[in-house]
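Subject: Structure handover

Hi,

Here is the structure I promised to pass on. Please open it before you read the notes below.

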Amino acid sequence: MVDKRPMSEPESQDDPVAPQRRRVLRLGAVGAVAVVSIRPAMAQAYGSILTCEIPVPDPGRTGGYINKDGKVVPAGTQGAFAPPGRPLKGEDVRRALATGGTLPGVDYERSRAYLKYVQSLRSGSAGFTCFASLQMPRK
């Protein structure tokens, strides 16, 4: 139903359009409150993604190497890579996964092995929460 009255014309008590207008205005007010409260939370979550870290390997397997399939193997295993000197930054992992590029400071093969390790993390593993947050869509 399209209301063709001028905006300045007052609504009458028996006007069937008036309740619809009020309902739309109420919904708009509720929606505005939701946007105001959700946006800061999204910004904070995105900020934590930029700073979260993923240890490779997790602390329970410190000293292990990472093979080309992303599995933790004993140190010195032929063809496996020593772990990075520090945990991987969430933003670096997100960027490498999105672009198919490499992690900062490592060659392509080592980067692929580390990323496969990260992608194989399961709930309860150190770094899983960080990796899971990278998978959430952002607008």
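Is C130 buried or exposed? C130 is buried, because its relative accessible area is 6%. Here buried means under 20% relative accessible area, exposed over 50%, and partly exposed in between, with a 1.4 Å probe and protein chains only.

Some background. This is a predicted model, in which local features need pLDDT of at least 70, side-chain atom pairs count only at pLDDT 80 or more, and totals for chains, interfaces and linings use all residues. Residues are numbered from 1 along each chain as its sequence is written, and side-chain values use heavy atoms, leaving out hydrogens and water.

Now the disulfide. The count is one (the rule: a pair of cysteine sulfur atoms within 2.5 Å). C52 is joined to C130, S to S 1.8 Å. The torsion about their S-S bond is about 60°, so the disulfide is right-handed. The pair links distant parts of the chain, 78 residues apart: C52 lies in the loop between α1 (17-51) and β1 (53-54), C130 in helix α4. Helices (H or I, at least four residues) and strands (E, at least two) are DSSP runs, numbered from the N terminus. C52 also counts as buried, at 15% relative accessibility.

Next, helix α4 (residues 128-135). Its buried residues are C130, F131, S133 and L134. They sit on the same side of α4, because they cover an arc of only 160° around the axis. The arc is taken from the directions from the helix axis to the C-beta atoms.

Last, E91. Its place is in helix α2 (residues 90-99). E91 counts as buried, at 11% relative accessibility.

Best wishes
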